[in-house]
Amino acid sequence: MAVSTADPRPTPQGLKARLAPLPALRLVPVRHHSPRCAHHLRALMREFRPTHVLIEGPAELNALLPALQHAQARPPLAAYLHAAVGAAGGKDIATTVWRCRCYVPFAAFSPEWVALREASRQGGQVRFIDLPYTARLTQPEHQEHFATAPEPTLEDEPAQLAPGALDDLIAASPCRDFDEWWDRHFESGAEANTAEDYFAAVLAFSQWLRTHHGNTDDADVAENAAREACMAGEIRHTLAQGARCLVVCGGYHVPGILAG
């Protein structure tokens with residue numbers, strides 16, 4: 001599935017085509033914990049009726065699916081992941097053991113939570129398709145963050161994925177920060193009539209963000225590339241089984257998945 005993401009001025013129809021590159025595949029770009037994304041995702045799932053729902057999230061969460069999809073599970077809740085990772089020092093330096101942990105939170109308005117519950121209602125299969133959490137601890141800076149940050153969460157936010165890219169956008173608007181800008185354009189519900197229109201707009205913003213991310217740390221670039229390759233591989237594997245597949249992931253990663 002080779003799709004160009006270089007067009008700086010994509011058309012609405014072109015954007016919709018990228019999100020439906022095959023009859024049996026729908027890509028859904030979201031912002032984590034966005035109520036409007038969750039609303040339109042539910043509508044899209046009821047229209048598309050996928051047999052398989054693939055969600056951006058560490059592969060370890062698949063072992064927790066019986067609990068996450070249990071009838072008595074009620075948000076807000078979070079999965080807790082932890083690992084002991086050895087970081088070898090020099091010849092005469094003892095190995096440092098990083099005890100890393102993080103939370104993967106779900107709220108009632110999280111698109112991922114809506115995907116889990118709606119898939120259960122429709123009888124579809126669910127799988128988390130991102131790299132395992134332990135695989136993301138190969139970089140020392142990641143080990144330190146997940147070992148020392150107070151209650152760290154494992155999620156991607158535009159301001160984290162593309163630091164500095166949003167400054168001019170916000171400065172040219174009446175908004176005080178990115179959250180207010182996002183609320184104005186993507187949570188108000190005033191600018192999209194259908195789920196397809198809405199997610200095409202999210203993809204347009206995500207492609208702009210990816211194009212204007214500026215200088216990003218090499219380790220972050222490599223990690224995102226590995227994650228997107230992993231997710232693209234899981235999608236190919238699922239489609240090869242004859243599945244009708246819907247993919248829920250952060251909008252920033254959709255162009256990378258399409259390229260893969």
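**Exercise 1. Is valine 254 buried or exposed?** Determine the class of this residue in the predicted model, and then describe its surroundings.

*Solution.* 
Step 1. The relative accessibility of valine 254 is 2%. Buried means under 20% relative accessible area, so valine 254 counts as buried.
Step 2. Valine 254 belongs to helix H11, which covers residues 254–259.
Step 3. Leaving aside neighbours within four places in sequence, valine 254 is in contact with Leu19, Leu27, Pro29, Leu203 and Cys249.
Step 4. Valine 30 lies 224 residues from valine 254 along the chain, yet 9.5 Å separates their C-alpha atoms.

**Exercise 2. Describe how helix H2 packs with helix H9.**

*Solution.* 
Step 1. Helix H2 comprises residues 35–48, and helix H9 comprises residues 195–211.
Step 2. The angle between them is about 130°, and their axes are 9 Å apart.
Step 3. An angle over 145 degrees would count as roughly antiparallel, and one of 65 to 115 degrees as roughly perpendicular; H2 and H9 are therefore oblique to each other.
Step 4. The crossing of H2 past H9 is left-handed.
Step 5. On the H2 side, the contact is made by Arg36, Cys37, His40, Leu41 and Leu44, while H9 contributes Ala195, Tyr198 and Phe199.

**Exercise 3. Carry out the corresponding description for H2 and helix H4.**

*Solution.* 
Step 1. Helix H4 spans residues 111–122; its axis and that of H2 come within 9 Å and cross at roughly 25°.
Step 2. Angles under 35 degrees count as roughly parallel, and H2 and H4 are therefore roughly parallel to each other.
Step 3. H2 passes H4 in a crossing that is right-handed.
Step 4. From H2, the residues Cys37, Ala38, Leu41, Arg42, Met45 and Arg46 meet Pro111, Val114, Ala115, Glu118, Ala119, Arg121 and Gln122 of H4.
Step 5. The contact of H2 with H4 divides into eight nonpolar residues, one polar and four charged.

**Exercise 4. How many disulfides does the structure hold, and how accessible are cysteine 175 and cysteine 230?**

*Solution.* 
Step 1. The number of disulfides is zero.
Step 2. Cysteine 175 has a relative accessible area of 7% and is therefore buried.
Step 3. Cysteine 230, at 23% relative accessibility, counts as partly exposed.

**Exercise 5. Summarise the protein as a whole.**

*Solution.* 
Step 1. The protein contains 11 helices and six strands.
Step 2. Of its 260 residues, 44% are buried.
Step 3. Among contacts between residues at least 6 apart in sequence, 76% join residues at least 24 apart.

Note on methods
Residues are numbered from 1 along each chain as its sequence is written. This is a predicted model: local features need pLDDT of at least 70, side-chain atom pairs count only at pLDDT 80 or more; totals for chains, interfaces and linings use all residues. Side-chain values use heavy atoms; hydrogens and water are left out. Axes are lines fitted to C-alpha atoms, for helices over the stretch in contact, and angles run from 0 to 180 degrees between N-to-C directions. Helices (H or I, at least four residues) and strands (E, at least two) are DSSP runs, numbered from the N terminus. A crossing is left-handed if the near helix is turned anticlockwise from the far one by less than a right angle, and right-handed if clockwise. Contact means heavy atoms within 4.5 Å. A disulfide is a pair of cysteine sulfur atoms within 2.5 Å. Buried means under 20% relative accessible area, exposed over 50%, partly exposed in between (1.4 Å probe, protein chains only). Ala, Val, Leu, Ile, Met, Phe, Trp, Tyr, Cys and Pro count as nonpolar, Asp, Glu, Lys and Arg as charged, and the others, Gly among them, as polar.
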